[in-house]
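Visitor: I would like to learn how to read a protein model step by step. Could you take me through this one, giving the general idea before each case?

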Amino acid sequence: PLLVTRPLLLLVSKECPLMKAAANVAGVDVAICNALNAELLAPGADAGRLTLWTKAAIEKMTTENIFG
């Protein structure tokens, strides 16, 4: 059986209803893409966290040249 120790990370472009909805789901974290850091992507220095990006978050990262 597959043992998942790190929860799912959802990245959004801004505060939205998804953040409140995901707060009620066990094992799901939500972050705004401006606040993205190594600890969110690799908690406990253990790389390989499943991360889902919203389309708006990808566009924001691209247009505002965040981390680039």
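**Reading the sheet and its surroundings**

Guide: Three strands form an open sheet, with the order β2-β1-β3 and parallel pairing. The edge places belong to β2 (28-32) and β3 (51-53), each of which has a single partner strand, so one side of each is left without a neighbour in the sheet. Neighbouring strands of this sheet are turned against each other by 25 degrees on average, direction ignored. Please keep in mind that this is a predicted model, in which local features need pLDDT of at least 70 and side-chain atom pairs count only at pLDDT 80 or more, while totals for chains, interfaces and linings use all residues. Residues are numbered from 1 along each chain as its sequence is written, and side-chain values use heavy atoms, with hydrogens and water left out.

Visitor: Which hand does the unit of β1, α1 and β2 have?

Guide: A crossover is right-handed if, with the strands pointing away from the viewer, the path from the first strand over the helix to the second runs clockwise. In this model β1, α1 and β2 make a right-handed β-α-β unit.

Visitor: Why is β1 described as largely enclosed by the rest of the structure?

Guide: Buried means under 20% relative accessible area, exposed over 50%, and partly exposed in between (1.4 Å probe, protein chains only). Five of the five residues of β1 are buried, so this strand is largely enclosed by the rest of the structure. In a regular strand the side chains alternate between the two faces of the sheet. From β1, L8, L10 and V12 point one way and L9 and L11 the other way, and all are buried.

Visitor: Is V28 buried or exposed, and where should I place A26 and E64?

Guide: V28 is in strand β2 and counts as buried, because its relative accessibility is 18%. Contact means heavy atoms within 4.5 Å, and, leaving aside neighbours within four places in sequence, V28 is in contact with P7, L8, L10 and A22. Although V28 and L8 are 20 residues apart along the chain, their C-alpha atoms are separated by 4.8 Å. A26 lies in the loop between α1 and β2 and counts as exposed, at 78% relative accessibility. E64, in the segment after α3, counts as partly exposed, at 47%.

Visitor: Which residues make up the largest nonpolar core?

Guide: A nonpolar core is a set of buried Ala, Val, Leu, Ile, Met, Phe, Trp, Tyr and Cys residues joined through side-chain atoms within 4.5 Å. The largest one has eight residues, namely L9, L11, A31, C33, L36, A57, M61 and I66. The elements that give two or more residues to this core are β1 and α3. Leaving aside neighbours within four places in sequence, L36 has contacts with L11, L41, W53, M61 and F67.

Visitor: How much of the chain as a whole counts as buried?

Guide: Of the 68 residues of the chain, 26% count as buried.

Definitions and conventions: Two strands pair if DSSP finds at least two bridges between them. Helices (H or I, at least four residues) and strands (E, at least two) are DSSP runs, numbered from the N terminus. Axes are lines fitted to C-alpha atoms, for helices over the stretch in contact, and angles run from 0 to 180 degrees between N-to-C directions.
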